[in-house]
Amino acid sequence: MLRFLTRRTVAAAVTLVIIAAVTFFLFFAMPSDPARLACGKVCPPETLAQARHNLGLDQPIFVQFLEWLAGVFVGRDYEGLGHCSAPCLGYSFVNRAPVFNTIIDRLPVTISLTIGSSVIYLIFGVGTGVIAALNQGKALDKIASVASLIGSSMQIYFVGTLAMYFLVFQWQLIERPRYVPFTENPLEWAYGLLLPWLVLAMISTANYTRMTRSTMVEQLSEDYVRTARAKGMSGRTVITRFALRGTLSPIATIFGVDLAVLIGGAIITETTFSLQGVGRLSIQSVVNSDLPMLMATVLLAAAAIVVFNIIVDALYAVIDPRVRLS
Amino acid sequence: MSTRRRPALAVLAIGTLALTAACAKGNAGGSADAGSSSAPRPSETNLTELFAPPKIEVGTADDSKGPAIEPEGVVKGSTVNMIDRDDYPHLDPGRVYDNVTANFHLLITRGLTGYKKVGDNHYKVVGDLATDAGQVSDGGKTWTFTLKDGVKWQDGSPITSADVKWSMERLFAPFITEGPPYIQQWLTEEDYKKSYKGPYDGKELGNIETPDDKTVVFKFNEPHADANYALAMTGYGIVPKAKDTKEKYDKTPVSSGPYIIAAHSLDKSMDLERNPNWDPATDPIRGAYPDKWHLEFGYQALAVTDRFVADTGDDQKTFSFYTHVAAERTQQVLQDKSLQDRIMRRPSPYGDYYYFNLDRVKDVKIRQAIAYAWPTKQIQTITGGPDTSVINTTILNPSVSGWEDYDVFGFKQHPEGDLDKAKELLAQSGDPTPTIVYGYNNTPTEQRVTVAIKNQMAKIGIKIVAKPMDTKTWYDATGKVENGLDMYWGGWGADWPTAATVFPVIFGPVRDGGYNQSHLKDPEVTAEIKRIEGLADVDEANKAWAALDKKIMETITPLVPGLNNVGLQLRGSKVGGAEIDPISWVVSPNTIFVKP
């Protein structure tokens, strides 16, 4: 297990450095000039040069990248802004605030969105999938199939916008989404995010229902399930201990990826519901040509994918006894 | 010219009314609910007549006395909410060059001068911290300001002439690379950072004098009749010498205005509370009627629009500084009778032009033929119809002081184009069937506009070669002297509402990255611009600018004026005194109050 984790951690670190480098160098292929944007329209040459210097853009790109990378591990001193402690992801080009602090500030919103919605879609998705599989060919199965087909063809920006328009503004059945820290008021936290959770879950549930149903149907026809039944085990035991357990491996895989994608930034969801999470931050950083912020959001998304992949791989061994980590 | 949030280059390239803006400081006072901008629905479509240009003039010492003129039915107290998309990039006034941030700074920052609303669509440049709008001498080279008694910082210490001098000198410091350049350039040279590095090493700028604690004297190298307009920009707001923390001041500003920042969560929210040391008797500009302000950021236009339409709970006490009604809700909002008393409308104060490249389209007859044939009405229909724009006929925007109406090419009389006149001129030209390379922003709307232009020009025998261009690199591409284009769109907004920040720029030096996009190099025009810039009398200068405007269009025709977009905003039902400011094109906080 330790060897497995060590090897995967090293690989993850290398992956993140490569992603950081690619993001960094691609940024400079973009047509906009952050110094020019910061300097305003009537910008004398000397002022423009000063703006480049202040943003650290007057050095060779390679040097800039190495300095940024070093800052992540050992911190960095910025002229006029002071020391930025490790992990220093730089100062935003736009508001000159430390990027790391901004990310930390936005992360709770995104994590809350992720946790709430994933609990809902996991319970309903897997549950509905199991019910559909156990009622294969019956009305329940057909209803679940049609519902999941409709659900999986929906998009957040469509369902979310409709939900906001009708449920919040027209019929006023629920208050508009807002983020209240869990530590401040757990009930308000849940109520404030209920609508985004439900909309996000509605779409994701469909995928889990389809995946669970098809895998479960496959598992139910496996020899070991038949054997268990032949040995006289109860239906519940056969389903929960054998069939469902076999079903969970692929579910865990997509769940890990989905979680990572959401933590990396539920861009459309956060935008649709006006929530200030990492997803919206990433879009803003692209629009504003804010390289340090862009780097941080990309790295966060990449790190989430890498970390959750490791976790999922490790969980395989727990879920499925046939898997051994090596 | 600067823009809200997004710097001008990218923003103007996009050319959307939601983003384009200038940085003139918009102050208001006056009528209760939205004034002229809260107009009835103009289904009759003649917005040009509905929105008369604002009257802007220089006020007297009496005009400069506080308090501000109260809106009708004003109620003091309570908390007002404001929602918009973005937080403010700078809290240090010296780094502010966009109209939205400047508008916010009215709450916490004061300058020597500012705009006072004295009536419906009527504004005066008055003394803000100063007792009047400045005393000019030495033929316009020397400007003297005297500070009012009782003007204080949030800690109760007096605002002195040393603070004013310091605030100007620090604009030369290396860390300040944003903000307007005018006063710095007038005091030194065009590339002003070369001459002086700011006051932090103990060196002073010789041509700002402070003979006593109350008096500040600016000695410019050349006459500048509108220095009091320039000084009204937030970029020239005052910073306390004793509390200046250089770069860090951008996060922790000291208030001289009616409010102080009580809490600020970057990009998310801000709360303002009253500044106990602000005296309304010294302030002719700001009403400061709510006790508290709660500002929230991160809302897109659609979310803002839907909240205002629903108008429930706290949203009734909410408005937006700059978020326009989302395009997909425009018709719904305009047609919903229940929303009409909460609608705010105002034409943009910014210039919108289709430039000719005079290096390539050299025959004035061809340029004028195109102007006569221009499909103004077709373009208006494509871009949203007459509900969303007015027809412009001049180079200066009607909101600029001294603007005079004329319509040389009959844009209003023949909005569908005067094809007969165009053909007549083409026949007299050196090439009756010219080919014009037209560069356009490759967006769905501009694609349709280009088709309209192409079809219209084909009717008079002109072949349009349409060249789609990337939005993000629009200004870089069209800003090159050798851009390979004959005609292209461009925008410009005055930094303050006089022509002194229009003509010298859009007909200034021709260079890569410059803003003389028509490449007009006429010695007579250049000499006239220089002459008018040197006039000490503002009224005389305004008349001369207006005459030059017409003369340039009549004799040179370097451009075809584009449409003037009309901003459309909503507000909560319990917000009073809200209107779109005609100078800054955002809702000014000066007259806002909360109804019971």
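**Exercise 1.** Among contacts in chain B between residues at least 6 apart in sequence, what percentage join residues at least 24 apart?

Start with the ground rules. This is a predicted model, where local features need pLDDT of at least 70, side-chain atom pairs count only at pLDDT 80 or more, and totals for chains, interfaces and linings use all residues. Residues are numbered from 1 along each chain as its sequence is written, while chains are lettered from A and ligands numbered from 1 in the order in which they are written. Next, call two residues in contact if their C-beta atoms, placed from the backbone, lie within 7 Å. Run the tally and you get 78%.

**Exercise 2.** Work out whether Pro290(B) is buried or exposed, and find what it touches.

Step one: count other C-beta atoms within 10 Å, again placed from the backbone; 20 or more means buried, 12 or fewer exposed, anything in between partly exposed. Pro290(B) has 24, so it's buried.

Step two: skip neighbours within four places in sequence, and the contacts of Pro290(B) include Gly77(B), Val80(B) and Phe593(B). Val594(B) is on the contact list as well; its C-alpha lies 6.6 Å from that of Pro290(B), though they're 304 residues apart along the chain.

**Exercise 3.** Find the box that the C-alpha atoms of chain B fill.
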